[in-house]
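Colleague: I would like to learn how to read a few local features of a model, and I would be glad if you took them one at a time. Could we begin with what the words for accessibility stand for?

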Amino acid sequence: MRKMNNSGRCLLVILVMIGALKMFNFCGADLTDGFTPVPLTESNFELQKPYDIPLDQCYSFVNGVHYLWVYADDKPHDPSSHTQPRTEIRIKGLDYSSGVWQFEGYGFVPNGTSGATVAQIHGTAHGATTLILRIYDGDMRYYSRDLVATDLYDKWFRLNIIHNVDMGMVTVFIDGVQNFQVKDEGPGDLYFKCGVYAAPTNISYYMESRWRDIKIYKH
Ligand SMILES: *[C@@H]1O[C@H](CO)[C@@H](O)[C@H](O)[C@H]1NC(C)=O
Ligand SMILES: *[C@@H]1O[C@H](CO)[C@@H](O)[C@H](O)[C@H]1NC(C)=O
């Protein structure tokens, strides 16, 4: 057999390296590798909206896209609630108390929507939510604090949220890139939500987000 020349050896080393990287899930491997899709039906999607208006005045579903919007002076979702207005999809009916869970969805926030929570993990041992992702002036923040992503107006972005309930860790990916990680705050009535939910302050009058291809995975 002919001895391998330098460039052949080089190519071999590169191929071995690519193999190793793939094996260890580097190189932007699919975030859902190792996860199992959780079958969802329409009954898993529950809508919360201002209690006094019909659904078609705050929500539509066209060509696979959920459009959710709310105004700053809309009513809360329930007459007895004192929370801010919201139009949100709750993904309910899953036993999400242990294991590793993942939300995946493509989101779109039109320019002008500000001070709106567009995705969250409801439930925690302390307070109401494990994770709040809000848009302020086109940037995404963890509550009103840490910057998660910038410049998101008027474009589709892929959001993946991995909640390792067993390890108590939440990781947020935008377009496949890990942008944020935080410890959770213990167990609760856990479920994922997306849509628009007005923040306490700094809110635009009109708030809208759009979502498509919402999937839940676990392992
Ligand atoms: C959003 O709209 C404002 C006002 O029309 C404009 O100045 C700004 O450039 C827009 N931002 C983006 C990202 O399109
Ligand atoms: C909210 O508005 C105030 C006053 O304009 C500003 O100082 C603050 O940084 C804003 N907060 C966020 C999260 O945008």
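Modeller: A residue is called buried when its relative accessible area is under 20%, exposed when that area is over 50%, and partly exposed in between. The model shown here is a predicted one, and D175, with a relative accessible area of 46%, is therefore partly exposed.

Colleague: Where does D175 lie, and what is its phi?

Modeller: D175 lies in the loop between strand 12 (169–174) and strand 13 (177–183), and its phi is near 50°, a positive value in a residue other than glycine.

Colleague: Is N63 buried or exposed, and between which strands does it lie?

Modeller: N63 counts as exposed because its relative accessibility is 79%, and the cut-off for that word is over 50%. The residue sits in the loop between strand 3 (59–62) and strand 4 (65–71), and although N63 is not a glycine, it has a positive phi of about 50°.

Colleague: Why does T124 count as buried, and which backbone atoms does its side chain reach?

Modeller: T124 has a relative accessibility of 9%, which is under 20%, and so it counts as buried. This residue belongs to the loop between strand 7 and strand 8 (129–136); its side chain reaches the backbone nitrogen of H126 at 3.4 Å, while a polar atom of that side chain lies 2.9 Å from the backbone oxygen of E185.

Colleague: Which residues are around ligand 2, and how much of its accessible area does the protein cover?

Modeller: Around ligand 2 are Y136, S144 and N202, and a polar side-chain atom of N202 lies 2.3 Å from an oxygen atom of the ligand. Of the 360 Å² of accessible area that ligand 2 has on its own, the protein covers 34%.

How values were computed:
Residues are numbered from 1 along each chain as its sequence is written. Chains are lettered from A and ligands numbered from 1 in the order in which they are written. This is a predicted model: local features need pLDDT of at least 70, side-chain atom pairs count only at pLDDT 80 or more; totals for chains, interfaces and linings use all residues. Side-chain values use heavy atoms; hydrogens and water are left out. A residue is near a molecule or strand if one of its heavy atoms lies within 4 Å of it. A polar contact is a pair of N or O atoms within 3.5 Å; within protein, one must be able to donate a hydrogen and the other to accept it, and residues adjacent in sequence count only if both atoms are side-chain atoms. Accessible areas come from the Shrake-Rupley method with a 1.4 Å probe; for residues, only the protein chains shown count as cover. Helices (H or I, at least four residues) and strands (E, at least two) are DSSP runs, numbered from the N terminus. Buried means under 20% relative accessible area, exposed over 50%, partly exposed in between (1.4 Å probe, protein chains only).
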